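Have a look at the model first, then read on.

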Amino acid sequence: MEHLNDIRKKISDLVIHYSNIKYSKKKFTPGLDQVLVSGKVLDHEEIVNMVDAALDGHLTTGRFNFEFEKELSKFLKTRSLITVNSGSSANLIAFASLTSPRLGSKAIKPGDEVITVAAGFPTTINPILLYKAIPVFVDVKMGNYNIDEERIESAITKKTKAIMLAHTLGNPFNLSAVMKICKKYNLWLIEDSCDALGSKFNGQNVGTFGDFGTLSFYPAHHITMGEGGAVFSNNFKLKKIAESIRDWGRDCFCAPGKDNSCGRRFCWKLGNLPEGYDHKYIYSNLGFNLKITDMQAACGLGQLKKLSYFIKKRNYNFNYLLKKFRKLEEFFILPEETKNSEPSWFGFPITIRENKYFNRNELIRFLEQKKIHSRLLFAGNVIKQPYMNEQKYRVAGTLRNTEKILFDTFWLGVFPGLETKMLDFIVNTVSDYIYTKKK
């Protein structure tokens with residue numbers, strides 16, 4: 001009888017052969033082929049891993065996830081990291097953890113205020129709303145697209161408990177200023193790093209400054225596992241709360257498939273439960289089940305080996321576009337990286353200056369006709385979104401730049417699947433369009 005390991009080897013060899021054909025580079029034809037704004041970059045390594053995980057038959061979180069968490073934690077230089085099923089869930093768990101009664105008077109409660117921005121992705125602020133706290137919106141800096149740190153302190157009141165911000169498109173916000181404010185007013189900080197894996201500030205990975213960092217592994221992001229995310233912290237108490245909330249809210253800390261790791265499974269007395277109630281079914285937090293599958297982790301582990309290359313390629317593409325767009329600076333506000341930062345760029349944001357020749361809608365529709373994709377800066381100004389009509393929030397000062405972004409900002413792709421000739425096609429197409437309009 002053929003040994004199972006020999007069969008696995010044959011399957012692996014076939015998967016490698018298939019993947020080398022499936023994911024081989026195709027010749028780019030301008031105007032006919034799509035120039036995507038984001039996308040996954042795979043080869044045989046991810047596919048072999050996923051097939052290997054499938055053959056294990058374990059399906060839920062297992063050996064691949066354990067290895068992925070360990071390696072990503074090592075890359076970020078963070079003390080603890082747990083995977084979740086999306087970046088949005090990562091934000092949810094991070095914020096939910098800060099509402100835990102275990103944090104005493106520091107716990108975020110309904111009616112407490114959380115400083116954030118309106119120019120960003122909705123799921124950075126949605127956990128604030130879900131837990132009946134009040135988002136306080138502060139304006140951003142044009143060209144940098146992160147919070148204007150000089151406006152934060154004036155937005156703080158006696159109700160302020162936390163700051164929750166994203167590093168916009170991989171560009172770190174001013175962590176020196178934000179951390180100083182957090183320490184001065186004893187505020188929590190959640191760094192939404194979903195678009196910023198590998199970005200650094202003063203040589204330190206973003207997401208590791210605050211109380212929580214979060215990541216997304218959706219196909220558009222720096223690495224992918226299809227769907228997935230991560231929550232990380234250097235605070236072990238917060239990590240345990242987050243892990244409990246991810247795992248149904250249970251008090252038990254056994255890994256999936258494990259029993260009685262503490263050796264006291266039937267010896268606990270918690271809450272109003274009878275003494276000896278099975279620890280696997282004691283719930284100390286209001287939780288969910290937001291774990292990933294081992295197959296997702298297997299894909300992520302293959303991606304993680306390419307992360308340094310992905311970051312380098314993203315930054316090359318960004319800098320290439322920046323150099324080329326300099327000749328169009330009279331029409332566009334070009335992106336500016338934060339001082340003392342090393343962005344790991346997610347996209348190339350540009351804002352159209354006021355002019356009499358074209359507007360954003362006209363330009364991006366023209367680009368779409370040429371099969372060049374673009375994206376807006378997510379919600380633009382989230383308070384204008386339909387779902388916000390019934391929500392409670394506060395605006396600190398004005399949102400002048402946020403309003404400008406709503407109408408005039410969009411971003412282009414820099415992901416590793418884009419080649420230089422694609423970037424040239426983008427710039428040449430935009431340039432030709434503008435100078436045709438000027439005639």
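**Salt bridges in a predicted model**

A network of salt bridges links Asp 43, Glu 45, Glu 46, Lys 305 and Lys 306. The model is predicted, and its salt bridges come to a count of 26.

**Glu 45 and Lys 306**
- The side chains of Glu 45 and Lys 306 form a salt bridge, with an N to O distance of 3.5 Å.
- This pair links distant parts of the chain, 261 residues apart: Glu 45 lies in helix α2 (residues 44–56), and Lys 306 sits in the loop between α9 (294–304) and α10 (307–325).
- Glu 45 is partly exposed, at a relative accessible area of 25%, whereas Lys 306 has 13% and is buried.

**Asp 112 and Lys 161**
- Asp 112 and Lys 161 meet in a salt bridge whose closest N and O atoms are 2.9 Å apart.
- Here too, distant parts of the chain are linked: Asp 112 belongs to the loop between α4 (87–97) and β2 (113–116), while Lys 161 is in strand β4 (residues 160–166), 49 residues apart.
- Asp 112 counts as buried because its relative accessibility of 12% is under 20%.
- Lys 161 is buried as well, with a relative accessible area of 18%.

**Glu 149 and Lys 141**
- In the salt bridge between Glu 149 and Lys 141, the closest N and O atoms are 2.8 Å apart.
- Glu 149 is buried, with a relative accessible area of 17%, while Lys 141 is partly exposed at 22%.

Definitions and conventions:
Residues are numbered from 1 along each chain as its sequence is written. This is a predicted model: local features need pLDDT of at least 70, side-chain atom pairs count only at pLDDT 80 or more; totals for chains, interfaces and linings use all residues. Side-chain values use heavy atoms; hydrogens and water are left out. A salt bridge is a side-chain nitrogen of Lys or Arg within 4 Å of a carboxyl oxygen of Asp or Glu. Helices (H or I, at least four residues) and strands (E, at least two) are DSSP runs, numbered from the N terminus. Buried means under 20% relative accessible area, exposed over 50%, partly exposed in between (1.4 Å probe, protein chains only).
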